[in-house]
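Dear colleague,

Here is the structure I said I would pass on.

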Amino acid sequence: MFKKMINSPILMSWSAQFTRFGSVVFVTPLILAHYDSIEQSFWYLIGTVIGFAMLADSGFGSALVRAVAYYRAGETKLPRNKEEYDNRVAPLNSEPNYEKLRDLLSTTGSIYYILAGISVVLLLAGTFLFHNVFTLSGNRMDFWIAYFLLIPLCYQMILTIRWSSFMAGLNFVAQESRVGALLEMIKITAFIVLLSFRLSPMYLVMTMILTSTGRYIYDRTYITRWFRTHDLEIRKYRFFD
């Protein structure tokens, strides 16, 4: 029964959403209680700027999930519209098109490095939002460190979308959501401990980097292992058509 629950995509997706909601329920009151107004403003700006930087993905992750799902179903070509979909030749069997999946993974590597670079540009473009906070805080060093730590954080979060999209497209939603929920719980617990000691937002950003790194490593390892299980080595680069 328990094994069935943890392998259910619906339940694991709900659990992942619930832990994200828990971050707001449990962490926000502590921020309001233990941080002064400057630190609160700085923390909320961090969340705003991260969301701004994530615009670099521009929905590409959703399109990638769709493409992966098509090739997992054995398709040889991605339909560009409904007419092409209706007129396509249906695959003879449901065996995944491993070659196309490998080509897709290889090519999207370069694309996501570019998107990650754009996210950094968007992050740096939002520097002016922090100007007043830095000035009012007396240019606190921990604030500056936290801000520059956002660069590798956002870069890594964009790269993670590539691997998590492949997991979703290959129907490993339960596995990805399960680990995502676990990492979110770890992050919430760490936030509660750090805030209880009234530690700077810099330490919260460090915690976010650690949990984001954990998710990136898990997703990448899982997909890489899946390809190797089917005797496929991931190519470094290839034009995809």
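**Trp43 and the cores**

Apart from neighbours within four places in sequence, Trp43 has contacts (heavy atoms within 4.5 Å) with Ile31, Phe191, Pro201, Leu204, Val205 and Met208. This is a predicted model, in which local features need pLDDT of at least 70 and side-chain atom pairs count only at pLDDT 80 or more, while totals for chains, interfaces and linings use all residues. Residues are numbered from 1 along each chain as its sequence is written, and side-chain values use heavy atoms, with hydrogens and water left out.

Trp43 is also one of the residues that touch the most other members of the largest nonpolar core, together with Phe42, Ile46, Phe130 and Leu150; this core has 30 residues. A nonpolar core here is a set of buried Ala, Val, Leu, Ile, Met, Phe, Trp, Tyr and Cys residues joined through side-chain atoms within 4.5 Å, buried being under 20% relative accessible area with a 1.4 Å probe, protein chains only. α3 gives the most to this core, seven residues. A second, separate core has 25 residues, among them Val68, Ala116, Phe166 and Trp226.

**The largest pocket**

The lining of the largest pocket consists of 29 residues, and Arg20, Met157, Glu184, Lys187 and Met208 lie nearest its centre. A pocket is an open set of points on a 1 Å grid over the protein atoms alone, where a 1.4 Å probe fits, with protein on both sides within 12 Å along at least five of seven lines; lining residues have an atom within 4 Å of a point. α2, a DSSP run (H or I, at least four residues), supplies the largest share of this lining, eight residues.

Regards

Notes:
Helices (H or I, at least four residues) and strands (E, at least two) are DSSP runs, numbered from the N terminus. Buried means under 20% relative accessible area, exposed over 50%, partly exposed in between (1.4 Å probe, protein chains only).
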